[in-house]
Amino acid sequence: MLLHDTALIYGRYLRQSLRSRFALLFGMLMPLLYLLFFGPLLTGLPLGGRGSSWQLLVPGLLLQLGLFGASFAGFAIIIENGQGVVERMRVTPVSRLALLLGRVLRDATVFVFQAVLLVLAATAMGLRAPLPGVLIGLAFVALLTVALASLSYALAMRVRTPQEFGPAINALTMPSMLLSGLMLPMTLAPAWLDALSHLVPLRYLVDAVRDAYVGSYTSAHMLYGVLVAVAFAALAVTVGTRVFRTAGA
């Protein structure tokens, strides 16, 4: 029943996304702008890491796509609450976990699709990365999306208006972006800032995907990245499901 219910919810929200093709493409605009206008500035610079500047920048942009896209996914719940959609779903026998999983799996599908388009654009601009590394990067995008979208929906169930939700998300995403080394490796930062960045889970995912893009699949960064990504996703889904149950979603 869980799989059946999840598939129903997933199909419902995926059809909504497919009807808004403009939103699908517009969602990757910011990473694409970074790719076009920031990427060429890094060419030939000593960035303190293995691989080319594209192999350093593109993994960060992929995870940036998941970070900002999934973090703001909760806006949809706030709108649905106002329209009574959540209340109508609450009286159905559908599993509360399925109500969450259907949504976050839709989000993961959308952002992985956008990530594929971003990788294709980066390849046209000069990115060269092994196919297994690219696939590993997409898997990390999916896990990050599941984790952050779950927490975003959980927060959205606890607030009443977009005016409360937006600033809270900005207060969390901006430090995460700056401290995770999305744009530039944190090895370029002062020692105290590099040490502080290890408190941000996203840092481990960024390091793992960058290793994957240079063909290093058995490094310590990869191990830590996988462990942190899986644990973060599992914890976030658990928290999100509990909030959905107690909030009567």
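Modeller: One cut-off first: buried means under 20% relative accessible area. Also, keep in mind that this is a predicted model.

Colleague: How far is Ala149 from Leu105, in sequence and in space?
Modeller: They are 44 residues apart in sequence. In space, the C-alpha atoms of Ala149 and Leu105 are 9.2 Å apart.

Colleague: On to pockets. How much space lies in the largest pocket?
Modeller: About 690 Å³.

Colleague: How many residues line it, and which lie nearest the centre?
Modeller: The largest pocket has 26 lining residues. Nearest its centre are Ala23, Ala73, Ala76, Arg106 and Asp107.

Colleague: Which helices supply at least two residues each to that lining?
Modeller: α1 (2-18), α2 (21-26), α3 (29-37), α5 (53-71), α6 (75-83) and α8 (96-125).

Colleague: And which gives the most?
Modeller: α8, with 6 residues.

Colleague: How does the lining of the largest pocket divide by residue type?
Modeller: Into 15 nonpolar, 7 polar and 4 charged residues.

Colleague: Now the second largest pocket. How much space lies there?
Modeller: About 310 Å³. Its lining has 16 residues. Ser71, Leu148, Leu151, Leu172 and Phe232 lie nearest the centre of the second largest pocket.

Colleague: Which helices supply at least two residues each this time?
Modeller: α5, α9 (131-158), α10 (162-180) and α12 (201-213). The largest share comes from α9, at 5 residues.

Colleague: How many charged residues are in the lining of the second largest pocket?
Modeller: No charged residues. The lining divides into 12 nonpolar and 4 polar.

Colleague: Switching to the surface. Which residues form the nonpolar patch?
Modeller: Phe22, Phe26, Leu29, Leu33, Leu36 and Phe37. Together they have about 630 Å² of accessible area. α2 and α3 are the elements giving two or more residues to that patch.

Colleague: Which of those gives the largest share?
Modeller: α3, with 4 residues.

Colleague: What about Met28, where is it found?
Modeller: In the loop between α2 and α3. Met28 has 7% relative accessibility, so it counts as buried. Its C-alpha is 9.9 Å from that of Phe113, which is 85 residues away along the chain.

Colleague: Charge pairs next. How many salt bridges does the structure hold?
Modeller: There are 4. One of them joins Arg103 and Glu80, with the closest N and O atoms 2.9 Å apart.

Colleague: Are Arg103 and Glu80 buried or exposed?
Modeller: Both are buried.

Colleague: Why would such side chains pair at all?
Modeller: In general, side chains of opposite charge can pair when their charged atoms come close.

Colleague: Which salt bridges involve Arg203?
Modeller: Arg203 meets Asp194 in a salt bridge, 2.8 Å from N to O. Arg203 also meets Asp207, at 2.8 Å N to O. Asp207 and Arg203 both sit in helix α12, 4 residues apart, about one turn of the helix. These shared partners join Asp194, Arg203 and Asp207 into one network.

Colleague: And how does Arg203 count, buried or exposed?
Modeller: Buried, because its relative accessibility is 6%. Asp207 is buried too.

Colleague: Great, that covers my list.

Note on methods. Residues numbered from 1 in each chain as written. Predicted model: local features only at pLDDT ≥ 70, side-chain atom pairs only at ≥ 80, totals over all residues. Heavy atoms only, no water. 1 Å grid on protein atoms, 1.4 Å probe; cavity = no way out; pocket = protein on both sides within 12 Å on 5 of 7 lines; lining within 4 Å. Points joined across faces, edges and corners; volume = space filled by probe spheres on them. Nonpolar A, V, L, I, M, F, W, Y, C, P; charged D, E, K, R; others polar. Patch = residues over 30% accessible without salt bridge, like charges linked within 9 Å, V, L, I, M, F, W, Y side chains within 5 Å. Areas by Shrake-Rupley, 256 points an atom, 1.4 Å probe, with all protein chains shown as cover. Salt bridge = Lys/Arg side-chain N within 4 Å of Asp/Glu carboxyl O. Buried < 20%, exposed > 50% of the residue type's maximum accessible area, 1.4 Å probe, protein only.
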